[in-house]
Amino acid sequence: MLLVTVAIGTAAALLAWRERPEPGAVPLVALLAGQCLWSAFLVFDLQASTLDAKLFWANVRWIGVVAIPVAWVFFSLEYTGRDRYVQPRYVALLSIVPAITVALALADSSLLYTDSSLVSENGALYLTRDPGPWFWVIAAYTYLLGLLGALPLLELIWHDSRPFRGQSAALLVGILAPWTANALFLAGAIPVPGLDPTPVGFAISGVAYLGALTRFQLFGASPSPTPRARRLLFEQLPDGAIVIDAHDVIVDINESGAAILGTSRRSALGQPIRVVAPESVLVQTDDPTAEQRGVTGRHDDRLYDVTVTQITDVRDRTIGRVITFHDVSEHVRQQQRHEVLNRVFRHNIRTETNVISSYATLLADDDDRGAAAKITDSAARIELLATRAREITDVFDRAHEPADPVPLESLLEDALAPVREEYPDARIECDPVDDVHVDGVLEPVFTNLVENGIEHDPSPEADATVRIAVETADDGDRVRVHVTDDGPGIDGYEQTILERGAETPLEHSSGLGLWLAKWGTEIAGGAVSFDTDGRHGTTVIVEVPVLTPPRSTDD
Amino acid sequence: MERKQLLSHDGKTLAALYGALPVSLRSSTNRFRNALMYSSAYLALIAMAEVVVVSVILDLPPTPAALVVGLTVFAIYANDRLADADTDALSNPGQAAFVRRHREVLYVLASIAYGVAVALSVLGGPLALGITLLPGVCWVWYATDWIPGGGGHARRLKDVFLVNTIVVALAWAVTLTFLPLAFADAAVTGTTLFVFVYFFLRVFTNTEIPNVRDVEGDRAIGVSTLPVVFGVDRTRHILTGIDLSTAGLVIAAVSAGYLTPILAVPLLAGLTYSLGVTAFVGRYENERLLARAAECEYLVVFAALVVAVAV
């Protein structure tokens, strides 16, 4: 069994050696080398026939014994991405106790073993030794390092990635097998006195490590970047982020967070949050349900939306909080612009165009009635543009709200009513509509499309015809509304601009109606397409998802 | 009628099968030969024959030493071929392609072979373990830039003139001579030293002959070998001189009583064979075959030894 241990350990060490510089490869080679050394020297110990020879091999065996826990810890740290601790000074620090142990062993000190003797068991000679005080020191140290090394790997046992679960399980079996054997030996549970079965456990370790290397791609799929990536994400997050513990002391803060609070990371860490954060933040950390969500930066005029997230332990107890600051200055400015423009479109332009129309009518005399009519028409067009612009802002406002499912039939009735009122002589034909619900945001879309069809029809209003046909997909998930007119069709240039989704000062659409149709349909989760053959007018196809009707209050 | 047609059809199938058999057999033989040659398995067999020769000359009992040496040689040379697969593409494309195709399997097999060799060597005691580990350490030292404690980009030993051949010859000579000795727990004698020097010189010659084939590739990657430094003709003269010196050593060993005349005959037969091979260096176009022929010198010695012992 010891020879099997050496064979498997050497093969696994060579396979691990090839994987350099993958994280953990070199410490794993050191660990396997320690196991092989321990096993080989135990064979020499068993082969020796004198007390001196057995003592020699038992003492030099300590080189392999003490190498294993140190290598195990550094393997675990490096493999799980904590490589900042894998530095010569830490290796030297953790090697102090092992180095003292080897020195005591080579000196055959009574601190390590107080007495050594030979016992005969089934015709074979075994070395039995009485442990000295230092033996228990190195034993405890070895078990402590074993535990420390196992902890980062235990985290991976519950990882979402199957290879990482397999790798960590194999590695833990690899360390637990000899550990258990050694614990049994130390507890005196081994029937043969002086025979430490730990190296036998190394055979299982070797198989486990080989399995991790070959079956679970130990160095082919490595979790080592994960902690660093999370750290990187935290540090380079454009939003400010502060972590406070249960005592409201700042335990972590990124550069953006420090800049928002007008301090540095080094100064803020370890400070109570009350010392560095404005009062408005404290209100929200004290009461997460507080209404006020925005604060102003200490050294700039930017506005931040504050979010406080509780950090809980496995028993759902709050152990800290993460406070994030999201810069909403630009959003607030846009909102303000939007509100002002909305007022201008809704009120000011309408008032001014009414004034223009009224004065044009007053000024007109019999000879100049045509000019007054032109001024009035122009004012009416300006008002129409303002109305469209206002409808567009309304549509975008509704984008932030949840979808409002309404029956398509009633939506079309509501959409067509103002058009019928404005163009009483035009023919608007609507086919029977399926009982489906769509987003209410589509109402101005259909109003504009039908209006557009009538306005651009060159024939007299009485001959202008717009037909609406509705077609529901077989699976009932989507509905297509065809709006067809008899006009000359939509210019290809206009369609291209709409499909591209952007205008320039030189390349732009002629109005706002089609933009309104496009944006409204997209907000409803659909798309607009055109079917123009140049002879039979244009068909605008609005395809949108069918929504689930809201539950009635009776339900 | 139908039955007749069926029989006729069966006859055609059988004929086709018989016709295909030699092709299939030839293909399998080729695959086996490629695996044996390109994976370095044949070198392992030659090394085992050498251990048997050493054991007979030193009058040692049978031990696992031959197996340990065979496994070690396979592991070390397979690793070497894996490391040099890219540079060998120019001088030995067939081998490089085989190694690249079976890279993973070859590395795992080599690792397991070396693991088993190390484990078996533990049975031979600390000296046997040390000797078995030596070629592995040499290999790491020889083929990589990594030198323990060096901490920098130290020049590879492989690239230094003569050091590469001396390291290889020393590793082989130590392993072949002292591993069977360690397993048998025998003492070092004058005969032991003779065997050591003999194998050192033989391996030196056999390492430089393939370098004639690799001269262009070695020069391109900056590796200094005898043919690179002295040219092919002078290399042939140097190697002939080493062969003749080795023959003189064998005769001296017989005169000094370290070797019986009956055991000297197979060694001299091998040297005669080697002189013949060396004479073709730089004069025979198939240099790869020449290198293989040089490596087979030990098989000649082994065969002659079997005959000598039988007689």
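Author: Happy to! Let's start with charge: across the interface of chain A and chain B, the rule finds zero salt bridges, a salt bridge being a side-chain nitrogen of Lys or Arg within 4 Å of a carboxyl oxygen of Asp or Glu. One residue pair, with both members at pLDDT 80 or more, is in polar contact across this interface. That term stands for a pair of N or O atoms within 3.5 Å, where one must be able to donate a hydrogen and the other to accept it, and residues adjacent in sequence count only if both atoms are side-chain atoms.

Keep in mind that this is a predicted model, in which local features need pLDDT of at least 70 and side-chain atom pairs count only at pLDDT 80 or more, while totals for chains, interfaces and linings use all residues. Residues are numbered from 1 along each chain as its sequence is written, chains are lettered from A and ligands numbered from 1 in the order in which they are written, and side-chain values use heavy atoms, with hydrogens and water left out.

Now for the extent of the meeting place: 15 residues of chain A are in contact (heavy atoms within 4.5 Å) with 17 residues of chain B. The area buried between the two chains (accessible area, 1.4 Å probe, lost on being put together, summed over both) is about 1500 Å², and carbon and sulfur atoms give 78% of it. On chain A's side, A:L14, A:W17 and A:R18 supply 33% of the area that chain A buries against chain B, more than any other three residues.
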